[in-house]
Amino acid sequence: MSLAKFEIISTIIELGSFAKAGDKLGLTQSAVSHAVSSLEKEYGFSLLTRGRAGIHLTTNGERMLSYMQAMLKTQKEMAQEIANINGLIVGEVRIGTFSSVSSQWLPEILQQFTELYPNIDIQLYEGDYDAIESWIANGYVDFGFVSLPTSYQLDVIPLKKDRMVCFVEEHHPFTKLDAVTWADIKEQPFIRAKKGSDNDLRRILKQQQIIPNVRFELADDQAIFSMVSHGMGISVLSELAMFRIPENIHIIKLEPEEYRTIGIAAPSFKTIAPATKRFISYLQQYVDQK
């Protein structure tokens, strides 16, 4: 068994390239290829397949990867615990995050945290809610930011209630109102985030028994802002997502008020590594002060 080879396989899948994996790990491309071939020979079956579409896991490789990543995670946690016992503050924290948290919270948190703990390496992986939950469940990240409740059975820690707001172009009739109801938005051309990024809104619309007149579905908040600013429709996002919005966008309260609950999730917070515990503690203090 070779944990170094497991790390090579995991890095190839992460970066999609033998050469990039070698660069990240400080190995030549031939050394990376040899490690893969050696592991495949040891196991008696192929782990990776290369084609025009890139590098992919074989069916057997997919079955093996979760075990490899679990063993690498255990090794990392053990190394951190040894360092912790010896009074050293070192480690690596892999975090799944979505765009509003990446824009609004993490720059300041990371700036302050890395000044305090320069030997803890933070790696960020940005995706939508569904992708982040999958990464957490599969051990690809140590923990991730989520919108509660989650689809998987995970340990969760609620962090903040984030109010949902409606926003329109400055000449829209809604700008004359102090607030709009959920029923008011029903007949308006509506621009929403793509599935996987709008779990909160889908839940709320279902509760309010509203089927919006969806004109466009977009993956990026900035694209939604641009569409709304050009009068292509109205939209609803959370207050935390209202970041760097065009000047001609007008934000309006919704009645009744609805919220998304931002939290963090992990397979188990009891077994996370010391560096991850330290980061989460710092994160909670930061959010509590907001």
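Q: Which elements each supply at least two residues of the lining of the largest pocket?
A: They are α1 (3-15), α2, α4 (59-85) and β3 (91-97). Helices (H or I, at least four residues) and strands (E, at least two) are DSSP runs, numbered from the N terminus. The model is predicted: local features need pLDDT of at least 70, side-chain atom pairs count only at pLDDT 80 or more, and totals for chains, interfaces and linings use all residues. Numbering runs from 1 along each chain as its sequence is written, and side-chain values use heavy atoms, without hydrogens and water.

Q: Which one gives the largest share?
A: Helix α4, with 7 residues of the lining of the largest pocket.

Q: What is the volume there?
A: The largest pocket comes to about 450 Å³. A pocket is an open set of points on a 1 Å grid where a 1.4 Å probe fits, with protein on both sides within 12 Å along at least five of seven lines; lining residues have an atom within 4 Å of a point. The volume is the space filled by probe spheres set on the points.

Q: What about the second largest pocket, what volume does it have?
A: About 380 Å³. The second largest pocket is lined by 28 residues, and S99, Y129, A193, S197 and D221 lie nearest its centre. Two or more lining residues come from each of α5 (99-104), β8 (189-193), α8 (199-207), α9 (221-229) and β10 (235-238).

Q: Which element has the largest share in that lining?
A: Strand β10 does, with 4 residues of the lining of the second largest pocket. By class that lining has 11 nonpolar, 7 polar and 10 charged residues.

Q: Changing topic. How many aromatic pairs?
A: The count is 11. Rings of Phe, Tyr and Trp (its six-membered ring) pair if their centres lie within 6.5 Å; planes under 30 degrees apart are stacked, over 60 edge-to-face and the rest tilted.

Q: What kind of pair do F98 and Y129 make?
A: Their ring centres are 5.1 Å apart and the planes are at 90 degrees, so the pair is edge-to-face. F98 sits in the loop between β3 and α5, Y129 in helix α7 (residues 129-138), and 31 residues separate them in the chain.

Q: What phi does Q209 have?
A: A positive one of about 60 degrees, although Q209 is not a glycine. Q209 lies in the loop between α8 and β9 (213-218).

Q: Last one: what does A179 touch?
A: Leaving out residues up to four places away in sequence, A179 touches I252, K253 and E255; contact means heavy atoms within 4.5 Å. A179 belongs to strand β7 (residues 179-181). From A179 to K253 the C-alpha to C-alpha distance is 4.7 Å, with the two 74 residues apart in sequence.

Note on methods: Ala, Val, Leu, Ile, Met, Phe, Trp, Tyr, Cys and Pro count as nonpolar, Asp, Glu, Lys and Arg as charged, and the others, Gly among them, as polar.
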